[in-house]
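Reader: Please take a close look at a single part of this model and describe it in one connected answer. I would like the cut-offs for each term as it comes up.

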Amino acid sequence: MTNGVDISIEFAGLKLANPVFTVSGTCGYADELADFMDIKSLGGFITKSITLKPRKGNAAPRIVETDSGMLNAIGWANVGLDKFIEEKIPILEKMNTAVFVNLAGQTINEYVAVTERLASQSAIAGFELNISCPNVEQGGINFGTDPKQVGEVTSAVKKVCGEKILMVKLAPAVTDISATAKAAVDAGADALSLINTFTAMVIDIETRMPVLANRTGGLSGPAIKPIAVYLVNKVYNDVAKGGGIPILGMGGIRTASDAIEFIIAGASAVGIGTANFMEPDCSIRIIEGIRQYCTRSNITNIRELVGSLSLE
Ligand SMILES: Cc1cc2nc3c(=O)[nH]c(=O)nc-3n(C[C@H](O)[C@H](O)[C@H](O)COP(=O)(O)O)c2cc1C
């Protein structure tokens, strides 16, 4: 508590100093970001997606800037589970913040195998199940768009994740996001995170070819923010509020006022992604801005703000 304002939160049973996370794929395995800021100032930290085997990811070019955003087609480039346990867990252990490991896989067995090996690691507070990546051919988003498959992968991982929190990351480009959110919660998700990126394309008009070697990539950044706010509010009203399930809201946040919009829409916590590439320590500024907003709005506890959208 500072200046009579409490911005600490409870997130699926975890006590966090504040509601701000950095999100998967935009802050490495923490040591990269630790060069720019004190990681323990964050409410939470989410690792790059981890797969059973190391992955080189897609061919370059795999990022391109767009108006108010970027496309990425990284394709789960990561060190793989063995190296993650050997080299990255010792770093994460020292970070003194709530660490979530983002899990990815091409089959349910792969998700389960990764979770089983990580479930006993004390450095990990929880898992974020990535079933919404648009940049891999098999797995990824294929699981996240069909409520039946969302339920199957969530319940399989829930069975082996022990005491760790299980957060499911939802795909935004679906007909009814509340159906996939409900499937995840019914299958045992303790929290929901949204949104992942939207499949999109940029064309070089001289070559008439897609700029990205993968042809398409995931759109992130301020361009997607109003859609993300809407989807958070929808999932909050239809699924999360009634079930007492916390939402980690993300998509284009780069200022404290962006973050506050998500909280008013129903997010208990917020995630910072693309903005880290322009200003790696922007989370610190956002945490301070949230505190200042609460002070000037006479909000003594940030939890009062969650889902406080006024329709009159
Ligand atoms: C370069 C880049 C890499 C990403 N890699 C991952 C990833 O490995 N796993 C994942 O679940 N999401 C990944 N994402 C998606 C982000 O975690 C986030 O859901 C999305 O970018 C929306 O937030 P933002 O607009 O603040 O970036 C990535 C995003 C970017 C820009």
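Author: Start with Asn 102, whose bridge partner in β8 is Glu 128. Helices (H or I, at least four residues) and strands (E, at least two) are DSSP runs, numbered from the N terminus, and two strands pair if DSSP finds at least two bridges between them. This is a predicted model, in which local features need pLDDT of at least 70 and side-chain atom pairs count only at pLDDT 80 or more, while totals for chains, interfaces and linings use all residues. Residues are numbered from 1 along each chain as its sequence is written, and side-chain values use heavy atoms, with hydrogens and water left out.

The pairing of β7 with strand β8 (residues 126-130) is parallel and runs over four bridges. β7 is also joined to β4 by three bridges, again in the parallel sense, and there Phe 45 stands opposite Val 99. Six of the six residues of β7 (residues 98-103) are buried, so the strand is largely enclosed by the rest of the structure. Buried means under 20% relative accessible area, exposed over 50%, and partly exposed in between (1.4 Å probe, protein chains only). Ala 98, Phe 100 and Asn 102 point one way from β7, and Val 99, Val 101 and Leu 103 point the other way.

Asn 102 leads on to Thr 47. The side chain of Thr 47 reaches the backbone nitrogen of Asn 102 at 3.1 Å. A polar contact is a pair of N or O atoms within 3.5 Å; within protein, one must be able to donate a hydrogen and the other to accept it, and residues adjacent in sequence count only if both atoms are side-chain atoms. Thr 47 sits in the loop between β4 (44-46) and β5. Its relative accessible area is 0%, so Thr 47 counts as buried. Contact means heavy atoms within 4.5 Å.

Together with Thr 26, Asn 72 and Phe 277, they are the closest to its centre among the 42 residues that line it. The space in this pocket is about 710 Å³. On a 1 Å grid over the protein atoms alone, a cavity is a set of points where a 1.4 Å probe fits but cannot get out, and a pocket is an open set with protein on both sides within 12 Å along at least five of seven lines; lining residues have an atom within 4 Å of a point. Grid points are joined across faces, edges and corners, and a volume is the space filled by probe spheres set on the points.

At least two lining residues come from each of α1 (31-34), β6 (69-72), β16 (269-272) and α9 (275-278). The largest share, three residues, is from α9. By class, the lining has 19 nonpolar, 20 polar and three charged residues. Ala, Val, Leu, Ile, Met, Phe, Trp, Tyr, Cys and Pro count as nonpolar, Asp, Glu, Lys and Arg as charged, and the others, Gly among them, as polar.

Thr 26 lies in the loop between β3 (20-22) and α1. With a relative accessible area of 15%, Thr 26 is buried. A polar atom of its side chain is 2.7 Å from the backbone oxygen of Val 23, and the side chain also makes a polar contact with that of Asn 276 at 3.3 Å. Leaving aside neighbours within four places in sequence, Thr 26 is in contact with Ile 272, Gly 273, Thr 274, Asn 276 and Phe 277.

Asn 72 belongs to the other strand to follow here, β6. Both faces of β6 are covered, with Gly 69 and Leu 71 buried on one side and Met 70 and Asn 72 on the other. β6 pairs with β5 in the antiparallel sense over four bridges, and Val 64 stands opposite Leu 71. The two strands form a hairpin with two residues between them, and Ser 68 in the turn has a positive phi of about 55 degrees. Three bridges join β6 to strand β14 (residues 217-220), also antiparallel, with Met 70 partnered by Ser 220.

Phe 277 is also one of the residues lining the second largest pocket, where about 200 Å³ of space lies. There β5 (63-66), β6 and α9 each supply at least two residues, and β5 gives the most, with four. Its lining divides into six nonpolar, four polar and one charged residue.
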